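Subject: Structure handover and findings

Dear colleague,

Please find the structure below, as a basis for your own calculations.

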Amino acid sequence: MSYGETGTEPELPFEFASDSLATDAFSFRAAYALGHASFLVYDDDTERVTREIGGQGAGLADLGSQMNPFSLNATQGMVLETEERFVLVIRGSKGKEDWKLNLQAKQRHIWFDVPGRIHTGFWRALNQIWDAVIIPLMALSKSSGKKIVISGHSLGGAIATLVAARIATKFDRESIVSIYTFGQPRVGNAKFAKSMNEQFEGAFFRFVNHRDIVTMIPPAPLYRHVGKLIQFDPAGAVLEDQVTETRRKFGPSLSPEEFKQFAEHVRKHGLYETVQERRDFKSNVANVEDHSINRGYLPKLKLNLES
């Protein structure tokens, strides 16, 4: 299965327990299933994706004229349908075009849509899928009575956050059961984060693997994190009880100068080449390898699933 910019990764058996999403409550079973879906969505082989999903008691939802899995400009993903839920999974950063979105860190105020100021690049990515994917998905949800789970890794987690924010404003907050993200960057300012945390209290779960560099950008305090933080240490233990309120809001952050340097090298070389080879980028707090969905997040999700 292809992942990232540097070729292929080892094959992983796809494990998606669709019944884990039937309940509204948080569970590591649901997180593990969605982690696998967030990995599978990187695969460009539509036939294989369809086969893997079909073998796990789920299917690809019928979005009408829109292909599913979908690829609209720089935003890709898929909508799954289980017996109980629709599951929107948005793909993370796979190439330099995706990283151009990540690095458009100027904030904008969308006064008619969501509270606060948000990341320009992520907002553009959301707009690429709104009419073709989200509008049909909401129609399906309404006609079937099935609620929606939203998930994504990296850039996909950021776009998932904005999808939820906009659905809550334009449609019905109650149509969304839960949001699970893995290694997502910050999305908006304090006002945006406050609104999201109030609307999705107990329903938004943000996973961070140790020192994942992507969770440290764009820099705080201009940008704030949202959701309930679930952070793994290097061995996979959850640090939840040891995390302070300040860390939940801000998390570790690259300095503005580090972010500028990081952005320059990612634009030139891509994420993995930039930090694996170190080049001129230095950080005492960040680690790119922790960002991997299959080598970083999935093994630790499974560890907590089995504990």
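Arg29 is partly exposed, with a relative accessible area of 40%; here buried means under 20% relative accessible area, exposed over 50%, and partly exposed in between, with a 1.4 Å probe and protein chains only. This is a predicted model, in which local features need pLDDT of at least 70 and side-chain atom pairs count only at pLDDT 80 or more, while totals for chains, interfaces and linings use all residues. Residues are numbered from 1 along each chain as its sequence is written, and side-chain values use heavy atoms, with hydrogens and water left out.

Salt bridges

A salt bridge is taken as a side-chain nitrogen of Lys or Arg within 4 Å of a carboxyl oxygen of Asp or Glu. By this rule there are six salt bridges. One of them joins the side chains of Arg29 and Asp19, at 3.1 Å from N to O. Arg29 belongs to helix H1 (residues 28–40) and Asp19 to the segment before H1, so this pair ties together parts that are 10 residues apart in sequence. Helices (H or I, at least four residues) and strands (E, at least two) are DSSP runs, numbered from the N terminus.

Another salt bridge links Glu81 and Lys146, whose closest N and O atoms are 2.8 Å apart. Since Glu81 lies in strand E3 (residues 75–81) and Lys146 in the loop between H4 and E7, the pair ties together parts that are 65 residues apart in sequence. Glu81 is partly exposed at 28% relative accessibility, whereas Lys146 counts as buried at 17%. Asp43 and Arg48 also form a salt bridge, with 2.7 Å between the closest N and O atoms. Here Asp43 is buried, at 8% relative accessible area, and Arg48 is partly exposed, at 22%.

Strands and the crossover

Strands are treated as paired if DSSP finds at least two bridges between them. E4 and E7 run parallel and are joined by six bridges; Arg85 stands opposite Lys147 in E7. E7 and E8 also run parallel, with six bridges between them, and Ser151 has Tyr180 in E8 as its bridge partner. Six of the seven residues of E7 are buried.

E7, H5 and E8 make a right-handed β-α-β unit, that is, with the strands pointing away from the viewer, the path from the first strand over the helix to the second runs clockwise. In H5, 14 of the 16 residues are buried.

Ser178 lies in strand E8 and is buried, with a relative accessible area of 5%. Leaving aside residues up to four places away in sequence, Ser178 touches Ile148, Val149, Ile150, Ala203 and Phe205, contact meaning heavy atoms within 4.5 Å.

Nonpolar cores

A nonpolar core is a set of buried Ala, Val, Leu, Ile, Met, Phe, Trp, Tyr and Cys residues joined through side-chain atoms within 4.5 Å. The largest has 41 residues, and Leu88 and Val163 have the most contacts inside it. The elements giving two or more residues to this core include strand E4 (85–90), strand E7 (147–153), H5 and strand E8 (176–182). Apart from it lies another core, of 33 residues, among them Leu21, Ala33, Leu80 and Phe207.

Yours sincerely
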